[in-house]
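Student: I have a structure to go through today. Can we take it one question at a time?

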Amino acid sequence: LRRYENELENVDKETAQTTKETAKASEGFTVMKGVLANLVASGIRKAISGLKDLGNYAREAYREFDEGQDNVIKKTGATGQSADQLRDVYKKVIKEVSGDFGDLGNVIGELNTRFGFEGGELEKSAISFQKFAKVTGTDATEAVRLVSRAMGDAGIDAKDYGDVLDMLTTASQQSGISVDNLAESLTKYGAPMRNLGFDTKESIAIFSQWEKAGVNTQIAFSGMRKAISNWSKDGKDAKEEFKKTLKEIEKTPSRAKATHKAIEVFGAKAGPDLADAILEGRFAYEDFLSLIESSSGSLDGTFDETLDGADKVRLALQGAKADLGSFVSDLMSKYQPEIEAFIQNATEEAKELITYVVTNREKIVGTITAISTVLGTLFVADKASKFINTMKTFSPVITALATKIGLVTVAQQSATSP
């Protein structure tokens, strides 16, 4: 027994020394392992973060792309091949001019509906109206609506929209009148202006002149409409009568007589204002007309001058987003049947699983409890077995002692248990 005790003490000493040396050796390894682990973990985190960012970007690109594409279809109601052609135009436009995808989709749809444009003409006009919106500070979709109405009222051919945009751009730049108000005035007062002999260019010039000179357009036209009505009743040519009236008022020797004449023709409400406008030369629109007649190319010229490096980079990034959104959209269309089938199958399987769990709840709980008990027992036995096998390598004394306290029996039973 004494010999066994001495051997056990020696084992204790050797074990303690080995533990110290192992601790020193492992200290450096632990530091190195920690550094390597941090590096690996950091790399994995960055990779995962990068993939997550890419996934989020792709999802956002698809969402924006799909919104614009849907807006085209909503605006037009197109189906089949017609819808595909409109989508092709949309894909080109969003890479040619910067803007919100949803807004660009609305512009394309509105142009197709109001102007009847398709293909290349639709693409070109959408880009022009988006440029027009950026240069004049208006909404592109609203601009399509207002300009189409003004052109329709004046009988201007749809293909001449570019000339109208140039004229409106120049008029706004030179007078400060908003293009929305100008386009609305062309629609609202177009008919009486034509009755007085003014075409669209002259009307734009007059409205611009009045805006700059402070003429109240609404009051002026209330009087002019009254005069046109009276001249028509008398069988007179409104165009000729208006010219004659302007000359008579201009030549009157006094402001009082000019006002009296204006009231006779235009009525008590508008007469005084129109008399002042005529006497002060605010009906002289020739300078503005000259600007309007030479306005060709003003829209593109102004837009090009506003472009800088940042705008070009922004358009390039938008093009990349458009490509990614289109790519995801194509994938969604291609694998739509498989995705729907997968969702349907998963849904049915989930229903079956839930039904089974609800129906067999007590049985499942009992089974899980039994399995947990068995696994716990096997885990303890397995750990005991590994512990005994490890202890065997240190000393026969430990084995003997372990055997006496019955641990070997446990290890043997666990090794042979099913």
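Student: Leaving out residues up to four places away in sequence, which residues does Phe115 touch?

Tutor: Keep in mind that this is a predicted model. Phe115 sits in the loop between H3 and H4. Beyond its sequence neighbours up to four places away, Phe115 touches Glu110, Phe129, Val144, Ser148, Met151, Ala158 and Tyr161.

Student: Is Phe115 buried or exposed?

Tutor: Look at its relative accessibility, which is 11%. The cut-off for buried is under 20%. So Phe115 counts as buried.

Student: How far apart are the C-alpha atoms of Phe115 and Tyr161?

Tutor: Along the chain, these two residues are 46 residues apart. Phe115 also touches Tyr161. Their C-alpha atoms are separated by 9.3 Å.

Student: How many aromatic pairs are there in the whole structure?

Tutor: The search covers the whole structure. The number of aromatic pairs it finds is 13.

Student: What angle lies between the planes of Phe115 and Phe129?

Tutor: These two form an aromatic pair, 6.1 Å centre to centre. Phe115 is in the loop between helix H3 (101-114) and helix H4 (119-136), while Phe129 is in helix H4, 14 residues apart. Both Phe115 and Phe129 are buried. The pair is tilted, with an angle between the planes of 55°.

Student: Why is the pair of Phe117 and Tyr161 called tilted?

Tutor: The ring centres lie 5.6 Å apart. Planes under 30 degrees apart count as stacked and over 60 as edge-to-face, with the rest tilted. The planes of Phe117 and Tyr161 are at 55°, so the pair is tilted.

Student: Which residues form one aromatic cluster with Phe115?

Tutor: Start from the pair of Phe115 and Phe129. Then take the pair of Phe117 and Tyr161. With Phe115, the cluster holds Phe117, Phe129 and Tyr161.

Student: Which residues does Gln130 contact, leaving aside neighbours within four places in sequence?

Tutor: Gln130 lies in helix H4. Its relative accessibility is 8%, so Gln130 counts as buried. Leaving aside those neighbours, its contacts are Val97, Ser98, Gly99, Leu104, Val107 and Ala140.

Student: What is the relative accessible area of Ser208?

Tutor: Ser208 is found in helix H8 (residues 200-213). Not counting residues up to four places away in sequence, Ser208 touches Ala171, Ser175, Ile177, Leu182 and Phe288. Ser208 is buried, and its relative accessible area is 0%.

Student: How far apart in space are Gly267 and Ser222, C-alpha to C-alpha?

Tutor: Gly267 lies in the loop between helix H11 (255-266) and helix H12 (271-279). At 8% relative accessibility, Gly267 is a buried residue. In sequence, Gly267 and Ser222 are 45 residues apart. C-alpha to C-alpha, the distance is 8.7 Å.

Student: Which residues does Gly267 touch, not counting those up to four places away in sequence?

Tutor: Sequence neighbours up to four places away are set aside. The residues left are Lys226, Ala262 and Pro272.

Student: Is H2 roughly parallel or antiparallel to H15?

Tutor: Helix H2 (residues 80-96) and helix H15 (residues 309-334) pack with their axes 8 Å apart, at an angle of about 155°. An angle over 145 degrees counts as roughly antiparallel. H2 is therefore, relative to H15, roughly antiparallel.

Terms used
Residues are numbered from 1 along each chain as its sequence is written. This is a predicted model: local features need pLDDT of at least 70, side-chain atom pairs count only at pLDDT 80 or more; totals for chains, interfaces and linings use all residues. Side-chain values use heavy atoms; hydrogens and water are left out. Axes are lines fitted to C-alpha atoms, for helices over the stretch in contact, and angles run from 0 to 180 degrees between N-to-C directions. Helices (H or I, at least four residues) and strands (E, at least two) are DSSP runs, numbered from the N terminus. Angles under 35 degrees count as roughly parallel, over 145 as roughly antiparallel, 65 to 115 as roughly perpendicular and the rest as oblique. Rings of Phe, Tyr and Trp (its six-membered ring) pair if their centres lie within 6.5 Å; planes under 30 degrees apart count as stacked, over 60 as edge-to-face and the rest as tilted. Buried means under 20% relative accessible area, exposed over 50%, partly exposed in between (1.4 Å probe, protein chains only). Contact means heavy atoms within 4.5 Å.
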